[in-house]
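Please read this briefing alongside the sequence and the 3D view.

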Amino acid sequence: MKLITSESMQKLEKRLVESYRIPTQLLMENAGRNIVEKIEGIGMEKSWKQVAVICGPGNNGGDGLVIARHLNLRYPSLPITIFLAGNPERLKNDSALNYEICQRIGIPIQRVFPENPLGFEPGTLIIDSLFGTGLSKNVEGIFQVVIDAINEAKQSMIIAVDVPSGIDATWGKIMGRAVKAHHTITLGMIKRGLVVAPAREYCGTIHLADIGIPFDREPGIVPQEGFLITPDFIRPFLPEKAFLSNKISTGVVMIVAGSPAMTGAGLLTCQAAYRSGAGMVIWATNPQLAPLVKTSIPEVVSTILSDNKNSFQWEYLPHHADEICKAILQRKCRSIAIGPGLGSSWSSKYFIEKVIEKSPVKGVIDADALNAIAVNREFWKNRLQGWILTPHEGEMGRLLNRSASSIAENRIAASCALSQYFNCITVLKGPGTIVVSPQGEIAINPTGNPNLATAGSGDVLTGIIASLLAQGRSPFISAVTGVFLHGLTADLYQKQSPQLLASDLASYLPYAIKVVKNCEYRLPIVDRD
Ligand SMILES: NC(=O)C1=CN([C@@H]2O[C@H](COP(=O)(O)OP(=O)(O)OC[C@H]3O[C@@H](n4cnc5c(N)ncnc54)[C@H](OP(=O)(O)O)[C@@H]3O)[C@@H](O)[C@H]2O)[C@@H](O)CC1
Ligand SMILES: Nc1ncnc2c1ncn2[C@@H]1O[C@H](COP(=O)(O)OP(=O)(O)O)[C@@H](O)[C@H]1O
Ligand SMILES: [K+]
């Protein structure tokens, strides 16, 4: 499902308005009327005690005025008040016209002043029409006061028009303050910023309302600025074993993960790789762990690396890199996953770099392997073509030499910067995981929930993506399909249990694959007709 930035939405509307000669007044009318229909679908039957329509100075405010008119027409006995934040004399064109109509109809209009703070009675339906795609700077002063009042309303329902006010709809940033809506009814196309963190949390359920422009008739003119991953998109790329397939042709994955202190990381990665369809999973492990691997996951094939004669506890050492590269060729591996639970000693860092440099196949770089790359980031600049990096915000901060909080503020921009810098596929984990290619493709994942915040769930993701890669999917498609399935597994599991362990995730994965294959799944956040 295509996503669009604020800037492109405005340009596109202008262009289509000119080519179809649809007057902008009509668009605003369509927007307002269709939003009222969506509001009715959400719950007008709950008979709200009153409606507060909060209008700002631009066209988003104009939409609010149309909404107020239509609600007034359909529910004449419902008290509706328009709260205008801004000077009515400075309203322009369509908004000014609708303001005048509302005045003539006699809908009460109150201007919001700093000395006259807003408060909403319990049972108010609040329509947030303060700012939409035209938000151009941080929210301050009276606008901040209005947003705080909306967010403090008790036992009310907040419906945002197009975008929760205060959200940057292109990047998903919070511009100082933002309305926390229960529902967001977005117009024409879904704005990219709505589906990524931190904005995602402010949108509630996202609904798409038509504005009378046939966007889908001319798909070529809608720019590629990102897409929301859907079940339909990933269905062709799900694991599928052909009639004549064997375990090698299906796909062999090399896993370089785990250590005596963090054995589980390796086990989870291997298990997830099998559960997502790999024909064979090889774990490059050490003599101490090999017996444990056999009893935990008997299907895993171990490549036992040479013993470290001189060290007290076994760890991966640089010379193991050659052994692994040899095993990759011997075992006909088609992908590699490196990083989970490897530890952060200098020798293991050096080992990791050697494997990535020499490996005959590419794959997923995660966890400690990301930290090894970060230490030597200038060396790795532009050298990770075909590799998939799966950082969380902390790891991303180290890779870009920035703070984790600056990454969190604008996750899309950070992901694009990483892909550009290393020439790699980036998977920035967290709510609304983002996948970006060096060519600038941007995919946002709608699946997943906070139950995934459990140790080892990232290891499972690494196993899934490496497995899909071994099954012949491209790096970008492997990452996109992997993050969707990983999140979906957690969403489906949540229905039967409130607690998720990473090992449950790996076991439950085939069920998520089946659900997508059988078309039994609807996107959780976007409600469409
Ligand atoms: N285009 C179309 O055909 C259609 C568009 N539609 C609707 O229009 C919406 C976009 O409308 P829009 O472009 O007028 O922008 P909007 O979000 O209302 O805000 C702009 C106003 O806010 C002001 N302002 C900005 N930031 C501020 C801040 N931090 N603090 C204070 N002020 C700030 C800004 O002032 P300025 O920056 O110009 O000084 C300007 O006055 C879109 O989301 C959709 O709802 C639909 O009707 C369908 C047809
Ligand atoms: N609140 C959340 N909502 C959705 N997904 C989440 C959330 N928290 C974590 N995740 C997902 O869980 C996984 C955690 O990975 P990671 O941080 O590497 O954990 P670990 O290192 O313990 O395996 C990622 O796929 C991430 O997207
Ligand atoms: K709004």
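Helices (H or I, at least four residues) and strands (E, at least two) are DSSP runs, numbered from the N terminus. This is a predicted model, where local features need pLDDT of at least 70, side-chain atom pairs count only at pLDDT 80 or more, and totals for chains, interfaces and linings use all residues. Residues are numbered from 1 along each chain as its sequence is written, while chains are lettered from A and ligands numbered from 1 in the order in which they are written.

**Shell around ligand 2**
- Helix α18 (residues 457-470) gives the most to this shell, with four residues.
- The residues around ligand 2 number 18, and K429, G448, L452, A453 and G458 come nearest; a residue is near a molecule or strand if its C-beta atom, placed from the backbone, lies within 6 Å of it.
- By class, the shell has seven nonpolar, nine polar and two charged residues (Ala, Val, Leu, Ile, Met, Phe, Trp, Tyr, Cys and Pro count as nonpolar, Asp, Glu, Lys and Arg as charged, and the others, Gly among them, as polar).

**α18 and α20**
- Helix α18 packs against helix α20 (residues 502-517) at an angle of about 30 degrees, with the axes 8 Å apart; axes are lines fitted to C-alpha atoms, for helices over the stretch in contact, and angles run from 0 to 180 degrees between N-to-C directions.
- α18 and α20 are therefore roughly parallel to each other (angles under 35 degrees count as roughly parallel, over 145 as roughly antiparallel, 65 to 115 as roughly perpendicular and the rest as oblique).
- S457, D459, V460 and I464 of α18 make the contact with A502, L505, A506 and L509 of α20; two residues are in contact if their C-beta atoms, placed from the backbone, lie within 7 Å.
- The residues of this contact of α18 with α20 divide into six nonpolar, one polar and one charged.

**α3 and α4**
- The axes of helix α3 (residues 59-74) and helix α4 (residues 93-105) cross at roughly 30 degrees and come within 8 Å.
- That makes α3 roughly parallel to α4.
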